[in-house]
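Work through the following exercises with the coordinates open beside the text.

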Amino acid sequence: MSSDWQVQPTVLTKRTSAKDRKSNSALNQAARSGNVSIDKKYGAGGNTQKSVQKNTAVLDRETEELKHETVSKDFCKYLREARANKGWTQKELAQKINEKPQIV
């Protein structure tokens with residue numbers, strides 16, 4: 001047998017865990033070495049609404065009942081007769097005026 005094989009010494013190092021990589025000291029060391037840039041984020045998570053709006057008090061004091069205005073019975077009768085004279089269904093009339101059939 002020949003001794004062509006040479007044994008290479010290996011260096012065993014401790015693997016770092018995710019917790020160790022995220023620690024303050026690890027981040028500071030990486031920032032000092034230039035491997036990581038640390039930027040402050042301004043306005044991050046800015047769509048949260050933690051402050052009270054000015055209009056909240058006004059809306060709380062609001063006591064008026066808000067209802068949609070309804071169409072008079074005379075108009076309903078006139079519309080029904082006009083639709084019937086044309087021979088249209090409620091669905092056809094709704095399509096022609098670009099409304100939902102429930103509105104007509």
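**Exercise 1.** How many residues does helix H4 have, and what distance does H4 reach from its first C-alpha to its last?

*Solution.* The model is a predicted one. Helix H4 covers residues 73–86, which gives 14 residues. From its first C-alpha to its last, H4 reaches 20 Å, and this is close to the 20 Å expected at 1.5 Å a residue. Just after H4, Gly87 takes a positive phi of about 80°.

**Exercise 2.** Decide whether H4 lies largely in the open or largely buried, using the cut-off of under 20% relative accessible area for a buried residue.

*Solution.* Among the 14 residues of H4, the number that are buried is one, and therefore the helix lies largely in the open. For the protein chain as a whole, buried residues make up 4% of the 104 residues. The protein chain exposes about 11,300 Å², of which carbon and sulfur atoms supply 50%.

**Exercise 3.** Describe the order of elements along the protein chain, starting from the N terminus.

*Solution.* The count comes to five helices and zero strands, and, read from the N terminus on, the elements accordingly run α-α-α-α-α.

**Exercise 4.** Where does Asn98 lie, and is Asn98 buried or exposed?

*Solution.* Begin with its position: Asn98 lies in the segment after helix H5, which spans 90–96. Turning to the backbone, phi of Asn98 is near 60°, a positive value in a residue other than glycine. Finally, the relative accessibility of Asn98 is 69%, and since exposed means over 50%, Asn98 counts as exposed.

Methods: Residues are numbered from 1 along each chain as its sequence is written. This is a predicted model: local features need pLDDT of at least 70, side-chain atom pairs count only at pLDDT 80 or more; totals for chains, interfaces and linings use all residues. Side-chain values use heavy atoms; hydrogens and water are left out. Helices (H or I, at least four residues) and strands (E, at least two) are DSSP runs, numbered from the N terminus. The expected span of a helix is 1.5 Å times one less than its number of residues. Buried means under 20% relative accessible area, exposed over 50%, partly exposed in between (1.4 Å probe, protein chains only). Accessible areas come from the Shrake-Rupley method with a 1.4 Å probe; for residues, only the protein chains shown count as cover.
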